[in-house]
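Subject: Structure for you to look over

Dear colleague,

I am handing over the structure we talked about, and below it I have set out what was found in it. Please have it open as you read.

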Amino acid sequence: MNYIGSDSVRLSEDGRSVIIIDQTLLPGKTEYRALSSAEDIFEAIKKLRVRGAPAIGICAGYGMYVLSTQIKSASFDEFFGDLSKTGEYLCSSRPTAVNLSAAVKRMLEAAEKNKDLPISKIQDVLKETAERIHTEDIEMCLAISEYGLSLVKDGDGILTHCNAGPLATSRYGTGLGTLFLGKERGYDFHVYVDETRPLLQGARLTAYELDKAGIDVTLICDNMASAAMKNGYIQAVFVGCDRVAANGDTANKIGTSGAAVLAKHYGIPFYVFCPSTTIDLSCKSGADIPIELRDGEEIRTMFFSEPVAPEVKCWNPSFDVTESGLISAIITEKGICRPPYEKSLAGHR
């Protein structure tokens with residue numbers, strides 16, 4: 001099957017930079033960028049050149065390794081201090097996605113556990129740790145996809161929101177992984193893709209990935225989902241997420257909660273797909289998840305040759321929280337979580 005994403009984030013052959021597909025240029029242009037400074041990596045994450053919680057985590061892991069090789073400190077304390085400051089800086093680029101901070105934390109822990117080794121050897125350990133973060137995500141995506149396939153049948157209509165495919169993760173993806181795996185095994189899904197305002201990740205990325213893989217795809221505006229459900233086109237909703245709270249509330253691209261409300265009204269199962277690393281048991285509920293606010297010009301001018309609205313105030317949250325009562329199941333690489341999520345999620349961390 002022809003799909004992209006297995007190398008949408010990778011370490012360069014010489015180990016001096018992180019290579020990403022610039023997702024802001026898709027679908028019109030496929031361009032790889034080499035990120036070799038903390039500022040490059042921060043900007044790429046902040047500007048959504050690399051996006052999707054797992055992909056951001058992979059990028060952060062490789063980034064921490066690359067940046068560690070640039071630290072000239074002679075002692076471990078100085079080295080670790082500089083590395084910690086780098087990690088803190090990268091984490092500030094996008095606070096909602098827990099995979100970012102989790103990857104940085106894991107890299108710092110790996111360094112600290114090996115503090116008695118020479119700095120060069122600690123850097124080797126960091127490289128191995130970053131590679132494990134990537135490999136584990138590939139394995140998790142395949143397992144998630146397998147579990148997801150048990151929830152649908154051949155010929156189903158699936159609604160998606162935002163993008164949770166190979167570009168946002170690795171290989172199969174999370175929210176889209178079941179669709180790619182099903183295609184490989186002869187399933188014919190009919191996928192309705194929300195364009196996903198304001199950044200159009202559904203239109204630019206999900207529709208692109210599905211079409212490239214030969215999956216039947218229909219692009220719709222976000223406000224058309226209700227009509228598609230009412231007409232009987234949709235048998236399930238598949239979404240990814242950036243953070244899962246201990247009570248099962250989930251944060252995902254703005255508009256996800258609206259799709260969940262509609263699915264509840266029409267009696268359609270609403271499924272959230274994510275690796276277990278996205279579960280944050282220290283976060284009690286969705287009310288504790290920080291929501292990133294973005295530039296209002298993304299609504300007024302982005303993707304348009306001239307402004308489509310007057311210079312009025314804009315409110316542009318990047319995410320919203322879907323309450324656990326609207327979610328039929330949360331699927332991780334460890335299995336399918338059902339309510340009550342306080343109990344089922346605890347076994348997936």
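In which loop is the place of Pro27? Pro27 sits in the loop between β2 (18–21) and β3 (32–35), and the peptide bond that joins Leu26 to Pro27 is cis, with omega at about 5 degrees. Please keep in mind throughout that this is a predicted model. A cis peptide bond also runs from Pro339 to Pro340, with omega near 0 degrees, and Pro340 belongs to the loop between β14 (335–337) and α11 (341–344).

Cys162, which is in the loop between β4 (157–160) and α6 (177–184), has a phi near 65 degrees, a positive value in a residue other than glycine. Thr196, in the loop between β5 (190–194) and α7 (201–212), is likewise not a glycine and has a positive phi of about 70 degrees. As for burial, Cys162 counts as buried because its relative accessible area is 6%, where the cut-off is under 20%, and Thr196 is buried at 0% relative accessibility.

A search of the whole structure finds two cavities of 30 Å³ or more, and the largest cavity holds about 210 Å³ of space. Its lining is made up of 23 residues, with Arg51, Gly52, Ala53, Asn163 and Asp242 nearest the centre; the elements that give two or more residues to this lining are α2 (53–68) and β9 (250–253), and α2 gives the most, with three residues. By type, the lining of the largest cavity divides into eleven nonpolar, eight polar and four charged residues. The second largest cavity contains about 30 Å³ of space, and Cys162 is one of its lining residues, as are Asn163, Thr206 and Phe238, among others. In the lining of this second largest cavity there are five nonpolar and six polar residues, but no charged ones.

Ser276 itself lies in the loop between β10 (270–273) and β11 (279–280) and is buried, with a relative accessible area of 5%.

Finally, α2 packs against helix α3 (residues 76–91) at an angle of about 140 degrees, with the axes 10 Å apart, and the crossing of these two helices is right-handed. Met64, Leu67 and Ser68 of α2 meet Phe79, Leu83, Thr86, Gly87 and Leu90 of α3, a contact whose residues divide into five nonpolar, three polar and no charged.

With best wishes

Technical notes:
Residues are numbered from 1 along each chain as its sequence is written. This is a predicted model: local features need pLDDT of at least 70, side-chain atom pairs count only at pLDDT 80 or more; totals for chains, interfaces and linings use all residues. Side-chain values use heavy atoms; hydrogens and water are left out. On a 1 Å grid over the protein atoms alone, a cavity is a set of points where a 1.4 Å probe fits but cannot get out, and a pocket is an open set with protein on both sides within 12 Å along at least five of seven lines; lining residues have an atom within 4 Å of a point. Grid points are joined across faces, edges and corners, and a volume is the space filled by probe spheres set on the points. Helices (H or I, at least four residues) and strands (E, at least two) are DSSP runs, numbered from the N terminus. Ala, Val, Leu, Ile, Met, Phe, Trp, Tyr, Cys and Pro count as nonpolar, Asp, Glu, Lys and Arg as charged, and the others, Gly among them, as polar. Axes are lines fitted to C-alpha atoms, for helices over the stretch in contact, and angles run from 0 to 180 degrees between N-to-C directions. A crossing is left-handed if the near helix is turned anticlockwise from the far one by less than a right angle, and right-handed if clockwise. Contact means heavy atoms within 4.5 Å. Buried means under 20% relative accessible area, exposed over 50%, partly exposed in between (1.4 Å probe, protein chains only).
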